[in-house]
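Work through these exercises with the sequence and model open. Each solution goes step by step.

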Amino acid sequence: MNKKFSHGWAQVFVALLVQGVSIGAVYFTYGLVAVSFGETFQADRMVLMLGVTCIMITSGIISPWAGVWLDRYPIKRLMLIGVLCLSGGYLALSFVTAMWQVLIIYGSLIAVATTLAGPLAANTLLVRWFHQRRTLALGIAAAGTSLGGLAFPLLLQWLIGSFEWRAAFQILSAIILACSAPWIILLIVNHPADRDLHPDGAAAPVSQDSLQQHQALHFSNTRAFMRSKSFWAIAFVAGALTAVQTAMLANLVPFVTDSGATASSAALLLSLLAATSVLGKLLFGIVGDRIDLRVAFAGTLIVQCIALGCFLSNQQFAVLALGTVLLGLASGGMLPIWGGIVGQVFGADNYGRAMGLMTPIITLLALTAPPLAGYAYDVSGNYSLAFSGFIVVLALATLTLPLICIKHREQEGAELSEATTA
């Protein structure tokens, strides 16, 4: 393996940067944006929260097509379109005169931006460029979402405080375009072959080429994915992890304050969650390249179950902090492991389609989990029922891991060689 694989690590840098911009400037800043809209348009809280819902619904609808586009067309072009949509979306938001216009912009321009310039595109790119160090590359790039979540809320809050919100959105629009588009244009290379390279900067062994050809032919259409047990098993495991993470993030502050902690302590736990999420992405990214990815996937499930056990067993702040750390590690670690196992099972040529088809399933689970947790609280008066239910779901997800079929590349290559000889 070439340790000076500069072209490949340049793709990691751009993937980190673009994910930080697309996720950090949208999801992590939405609370600040909603406050400005609420004050201007006197909108109800429920209506204000529909912006993120519009993004998730539209993204879930278009992701299967976006995955196909990413497999067929240059990622550089699609990423650039995504960044232009994001910049244009914030520029359009600066001119809105009613809340319904805000929701349309979030459900169109910004939803397209988070799909084409978000994790789906970034991971599709890196799966092509990395093989032996794939989960590490995915983990480093995924850390961009957390770093963007730390930077963009502070930036936008300063802009809104220094200017009125419409001017702040216009400035943010220019910043988004300036700090991402040039890097996409200058550094993104769609395939290693475009630079006469192989993944990881090394010569690709024959068995790997054979495996990729087999995967490309076997999963050449959507029907093949729908018939695959591995596809549904991965989608369920990733969906269960994402649903629990989404529900915990939405309900962590009310749960902690119900236990007697102060609002500042709850905010501290949110910061701790973000920081440990970065660590989880890097840690599981390193580990995932060294062990069976199904085992690594099981590790994220088990860590998340232990985190929920901490929340159930004791409400002392130290125990809540431990649960938050474990939750952050599992939440962060899930992303590179999920991306790595999809690449290993379905191949780099089918990665975009596979991830695109999984997105609606995972989005549906993620949308339903937070209100179900809230309903469980309304019925029982606490979160014990919800957290216990989450543990059961995660345990069921663990049981589906053996359905994921991963053959060793040497074994697959030998089988294909025997079939060819025969």
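**Exercise 1.** Is Asn350 buried or exposed?

Solution. Start with the ground rules. The model is predicted, so local features need pLDDT of at least 70, side-chain atom pairs count only at pLDDT 80 or more, and totals for chains, interfaces and linings use all residues. Residues are numbered from 1 along each chain as its sequence is written, and side-chain values use heavy atoms, with hydrogens and water left out.

Step 1: locate Asn350 in the loop between helix H15 (317-346) and helix H16 (351-380). Helices are DSSP runs (H or I, at least four residues), numbered from the N terminus.
Step 2: read its relative accessible area, 6%. Asn350 is therefore buried (under 20%; exposed is over 50%, partly exposed in between; 1.4 Å probe, protein chains only).
Step 3: follow the side chain of Asn350 to the backbone oxygen of Phe346, at 2.8 Å.

**Exercise 2.** Where in the chain is confidence lowest, and where highest?

Solution. Step 1: take the chain average, a pLDDT of 84 (the predictor's confidence in each residue, from 0 to 100).
Step 1: compare helices. H18 (residues 409-421) is lowest, at a mean of 41, and H5 highest, at 95.
Step 2: apply caution. Where pLDDT is low, predicted coordinates should not be read in detail.

Note on methods
Helices (H or I, at least four residues) and strands (E, at least two) are DSSP runs, numbered from the N terminus. A polar contact is a pair of N or O atoms within 3.5 Å; within protein, one must be able to donate a hydrogen and the other to accept it, and residues adjacent in sequence count only if both atoms are side-chain atoms.
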